[in-house]
4 protein chains.
Amino acid sequence: MKFTICSSLYYNISSASTVLCSISCSETPYQKISNESLTVNRPVTRSDLSVGLDGNRFTKLQTDEPGDLQIQYSALVETSPRSVPANELSNRRDSTLDAVALPYLFPSRYAPADRMRAVAMDLFGNIQGDFNIAMAVEDWLFNHITYEAGSSDEQSWALDTLETRTGVCRDFAHLGIAFCRALTIPARYCTVYSYQLEPQDFHAVFEVYIGGSWYVIDGTRKAPLNGMIRIATGRDASDAAVATLFGGVKGQGIAVDVQLASNQNEAFNPVTREALMADGKAFFLS
Amino acid sequence: MKFTICSSLYYNISSASTVLCSISCSETPYQKISNESLTVNRPVTRSDLSVGLDGNRFTKLQTDEPGDLQIQYSALVETSPRSVPANELSNRRDSTLDAVALPYLFPSRYAPADRMRAVAMDLFGNIQGDFNIAMAVEDWLFNHITYEAGSSDEQSWALDTLETRTGVCRDFAHLGIAFCRALTIPARYCTVYSYQLEPQDFHAVFEVYIGGSWYVIDGTRKAPLNGMIRIATGRDASDAAVATLFGGVKGQGIAVDVQLASNQNEAFNPVTREALMADGKAFFLS
Amino acid sequence: MKFTICSSLYYNISSASTVLCSISCSETPYQKISNESLTVNRPVTRSDLSVGLDGNRFTKLQTDEPGDLQIQYSALVETSPRSVPANELSNRRDSTLDAVALPYLFPSRYAPADRMRAVAMDLFGNIQGDFNIAMAVEDWLFNHITYEAGSSDEQSWALDTLETRTGVCRDFAHLGIAFCRALTIPARYCTVYSYQLEPQDFHAVFEVYIGGSWYVIDGTRKAPLNGMIRIATGRDASDAAVATLFGGVKGQGIAVDVQLASNQNEAFNPVTREALMADGKAFFLS
Amino acid sequence: MKFTICSSLYYNISSASTVLCSISCSETPYQKISNESLTVNRPVTRSDLSVGLDGNRFTKLQTDEPGDLQIQYSALVETSPRSVPANELSNRRDSTLDAVALPYLFPSRYAPADRMRAVAMDLFGNIQGDFNIAMAVEDWLFNHITYEAGSSDEQSWALDTLETRTGVCRDFAHLGIAFCRALTIPARYCTVYSYQLEPQDFHAVFEVYIGGSWYVIDGTRKAPLNGMIRIATGRDASDAAVATLFGGVKGQGIAVDVQLASNQNEAFNPVTREALMADGKAFFLS
């Protein structure tokens with residue numbers, strides 16, 4: 001599928017400031033970018049950085065001049081999400097500890113897996129196979145956590161979500177990651193643009209590493225699994241924040257718009273987790 | 001200086017187990033390794049991994065067979081720690097946000113800098129220059145935290161150390177890292193072998209990124225700054241644990257022995273932080 | 001001084017509900033009530049309770065009928081706050097552990113003194129005399145905690161205030177209580193009506209037990225110490241909440257109005273902590 | 001039944017110290033004390049206090065003289081525990097909010113019910129009737145929390161037990177109390193001597209207030225319900241600690257011995273919760 005993406009970040013600058021943002025799509029075997037631009041509404045000092053384990057694309061903007069700052073990103077992205085039969089994965093119990101996945105097994109700021117072993121074992125300890133555990137985690141998130149806009153803040157971590165049973169997409173992802181790592185399944189955080197997400201916004205999901213590949217999971221079930229366009233991955237939101245602010249700058253809002261590219265003939269058939277399962281499939285995105 | 005290093009990890013295996021250890025020294029511009037070996041007292045499946053942002057050297061050992069497992073590491077390492085004049089750094093206020101240092105500005109599991117901004121500002125907010133802030137953090141750690149063996153565990157984080165005012169080297173490092181990041185100074189965790197550390201053990205310190213280089217800080221002041229041999233670095237102890245255990249394996253103890261190489265003519269002059277400062281120097285290791 | 005007090009609580013009832021409120025002034029040797037009424041804008045089942053160690057006055061209102069509920073309290077209260085010379089208290093180190101004060105030495109929900117010993121010792125451990133410690137605590141609160149409306153919620157406890165250095169009157173009181181108890185000074189929470197508090201609202205302060213008497217402390221310094229009219233006391237806000245809600249009821253707001261009684265000849269001279277100290281006095285209210 | 005109780009507390013005094021202990025049995029309608037003594041192995045300043053809402057019996061011992069201190073308590077106590085038919089309670093949904101029970105509905109230091117509402121609702125929200133909820137809480141504690149000596153410390157609270165799924169009697173009680181209060185059932189902490197507890201020690205249970213009476217619950221199921229002799233009650237362990245120490249004093253151990261009085265003809269039939277339920281009974285002790 002081809003999607004057109006347009007997103008904007010709005011700030012007010014009062015004194016010397018740096019905005020570090022991560023809103024550009026990533027290039028992957030399943031995702032090709034064309035016609036991309038990131039523009040700013042006035043002169044700033046700009047540099048593009050490749051950051052961290054996954055080479056996330058950050059843009060750093062610096063300015064001393066007070067006033068409004070608007071960052072606008074647009075791209076045309078073609079995605080080819082692939083699914084694999086669930087039964088190829090379902091009995092797999094991975095113990096390879098691949099070097100590439102190891103950092104995603106360790107506890108992180110918002111996914112403190114080391115403090116969730118007892119709860120994870122109590123809830124999921126009797127389930128066999130990494131894929132089945134991951135699916136049970138997704139079920140649990142969807143059934144026990146209430147999605148509520150504004151119910152958490154940027155310091156909320158998985159223990160808060162476990163306590164309050166309430167959160168936004170970021171919190172569903174962090175709790176899922178923490179459960180999986182606690183059960184020795186590498187898991188990472190992923191920010192995405194998401195087609196048909198209501199209301200339109202940046203979205204966060206997580207990925208589990210099974211049999212050498214990463215599989216996407218969205219415990220909120222708020223958007224089609226085949227409409228996601230990847231921005232960045234990391235251990236948790238600390239690695240993949242949409243924007244981090246330094247100095248005299250304040251956020252004024254964001255806007256996101258994801259559309260099907262107008263010139264494509266294909267119709268979009270939204271794929272839900274239930275449909276995938278009914279079809280014997282596990283979803284695949286990397 | 002040349003040091004001979006010998007360290008051992010002892011385990012008891014009751015069922016299928018994986019031991020992931022990080023006890024091999026790292027190769028850096030200031031540290032050259034020779035005569036290195038890592039041996040195990042019985043047949044295991046072994047692989048050597050390069051993990052994470054800093055290419056930490058991990059060894060993965062897998063075995064199904066019950067019994068004792070002993071891992072022994074030895075190496076001859078030549079270090080050439082360098083110091084720079086403090087006044088070259090002291091007024092520097094860094095805002096470059098280099099890509100290589102950015103991940104070390106973000107909060108991590110044991111160094112939740114995002115929750116320490118108010119305290120860090122209250123304690124250090126009126127100090128000018130990144131180097132001066134870092135030195136003030138070191139002073140504060142030494143003067144306000146009591147070193148006490150056994151006072152913390154592997155889940156302890158910087159907020160615990162701030163609360164109890166007690167910890168071990170790992171805790172001093174985490175609290176120092178969290179303070180520095182909260183004040184926008186990139187900081188990372190570092191495990192080292194340490195000459196003249198009493199009692200002999202693995203040691204943990206932290207490094208701050210100022211003006212494009214990493215400088216080592218040890219708030220415990222328990223070992224000479226010029227007797228450290230680097231093992232691994234990371235965001236915090238989650239990245240650089242000496243050993244992580246999976247399956248039916250239990251730790252039985254460790255042994256560390258760091259000596260001056262017998263064939264060298266040089267005498268060892270222990271360098272303390274006070275001596276460095278008196279000499280107008282900031283210590284340098286990377 | 002004589003004060004007229006009028007306060008109102010506004011609720012919306014959607015289904016069977018109980019409102020438990022504590023807005024009636026307490027009768028003490030230094031506070032006499034007359035012309036008191038607590039009225040409700042429609043029929044409810046009502047009972048007046050004397051609750052807890054200090055016989056706090058609670059009113060319990062029950063209704064099944066949906067709609068608006070308004071509770072209005074008014075009273076004329078004459079207070080005679082007394083001060084004592086600070087030097088009578090300043091060197092006192094109390095170790096009597098009176099039965100009446102003991103429960104206020106134990107940790108409570110929002111004032112977990114058992115977790116604040118190390119910080120309290122670090123900040124105040126070198127000060128001699130219970131009164132001097134209490135005054136140093138007041139100073140510290142005023143100088144290190146920023147008053148900010150809306151910065152905390154009803155689950156915030158003293159550790160949060162210590163972390164964020166921000167709070168409202170309730171948080172100043174909880175942190176002060178926790179510090180004092182950690183240093184073996186009994187301390188309790190107190191809700192008051194407060195003349196010249198801006199904006200008009202319920203107010204919270206704390207009291208320390210020295211030499212057999214309770215002394216009021218207000219780390220916010222937002223209101224005159226001689227304009228407070230006591231409502232309730234307790235270990236912390238859990239004992240003395242203005243209102244606790246059960247069932248289908250939602251708060252819609254409050255209103256508080258404290259005035260000097262119009263028929264009195266005396267002028268009101270606001271007494272601040274600085275003025276008291278300058279005058280060699282410690283304030284007294286119980 | 002008649003029990004002879006003997007308990008000892010051992011301390012070492014290095015400088016001026018106060019020991020506040022609560023090891024004397026309480027007099028209740030269901031518990032009569034005779035032949036009671038509390039003796040100390042050397043001269044101290046002693047006073048007996050009645051503390052808090054429930055008039056707990058505390059003994060305060062003060063001494064300046066270094067050396068060993070031994071406190072010995074002995075008593076002969078006759079208990080007459082009563083059970084009531086469970087069906088008298090099982091559908092009861094209490095909303096009376098009696099003044100005497102209200103303080104036990106509020107959150108406390110180790111039972112922060114205000115932070116456990118979501119979890120309590122998730123686990124027990126569909127159960128009807130206060131008695132049935134309380135029984136489900138007891139079941140959950142027994143089935144999901146592992147009793148492990150030494151697994152917690154005196155700062156552990158219900159959120160820790162929920163996280164680690166491990167604790168001692170104190171922790172089972174605190175978690176049970178927090179769940180019940182979160183579901184609007186008043187609950188209080190209770191220290192007891194306990195016949196046939198293995199190994200012999202002080203024991204902690206909790207009580208729920210249903211239909212105007214307090215019912216004892218022991219989620220550990222480690223001791224017969226009809227072999228408990230009450231010492232003290234309170235909101236949580238902060239009110240009813242066996243001993244609280246001030247000054248230069250260190251604990252050296254305790255000893256507890258509970259026996260059936262030798263001169264009684266009755267045989268002791270241990271009553272378990274399962275047996276009570278099978279018999280259609282709810283146990284009663286106050």
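Me: Hi! Which strand of chain B is Pro85(B) found in?
Reply: Hi! Pro85(B) sits in strand 6 of chain B, which covers residues 82-85. Keep in mind that this is a predicted model.

Me: What is Pro85(B) in contact with, leaving aside its neighbours within four places in sequence?
Reply: With those neighbours set aside, Pro85(B) is in contact with Gly280(B) and Lys281(B).

Me: And what separates the C-alpha atoms of Pro85(B) and His203(B)?
Reply: Those C-alpha atoms are 26 Å apart, and the two residues are 118 residues apart along the chain.

Me: Switching to chain C. At what angle do helix 2 and helix 4 of chain C pack?
Reply: Helix 2 (residues 130-144) and helix 4 (residues 169-182) of chain C pack at about 145°, and their axes are 10 Å apart. The crossing is right-handed.

Me: Which residues meet there, in helix 2 and helix 4 of chain C?
Reply: Helix 2 of chain C brings Ala134(C), Val137(C), Glu138(C) and Leu141(C). From helix 4 of chain C come Phe172(C), Leu175(C), Gly176(C), Phe179(C) and Cys180(C). By class, this helix contact has 7 nonpolar, 1 polar and 1 charged residues.

Me: OK, on to the interfaces. How many residues does the contact take from chain D and from chain C?
Reply: The contact takes 25 residues from chain D and 25 residues from chain C. On the chain D side, strand 1 (2-21) and strand 3 (45-51) are the elements giving two or more residues. Strand 3 of chain D has the largest share, with 3 residues. The chain D side divides into 12 nonpolar, 8 polar and 5 charged residues.

Me: Now chain D against chain A. What rotation superposes chain D on chain A?
Reply: A rotation of 180° with 0.0 Å of shift along its axis does it, at an RMSD of 0.0 Å. That is the relation of a two-fold axis. The same surface serves both copies, as 100% of the contact residues of chain D recur in chain A.

Me: How many residues does that contact take from chain D and from chain A?
Reply: It takes 9 residues from chain D and 9 residues from chain A. Helix 1 (117-124) and helix 3 (158-164) of chain D each supply at least two residues of the chain D side, and helix 1 of chain D gives the most, with 3 residues.

Me: How do the residues on that side of chain D divide into nonpolar, polar and charged?
Reply: The side of chain D that touches chain A has 2 nonpolar, 3 polar and 4 charged residues.

Key: Residues numbered from 1 in each chain as written. Chains lettered and ligands numbered in written order. Predicted model: local features only at pLDDT ≥ 70, side-chain atom pairs only at ≥ 80, totals over all residues. Least-squares fit on C-alpha atoms with pLDDT ≥ 70 in both. Contact = placed C-beta atoms within 7 Å. Helix = DSSP H or I, 4+ residues; strand = E, 2+ residues; numbered from the N terminus. Nonpolar A, V, L, I, M, F, W, Y, C, P; charged D, E, K, R; others polar. Axes fitted to C-alpha atoms, helices over the stretch in contact; angles between N-to-C directions. Left-handed = near helix turned anticlockwise from the far one by under 90°.
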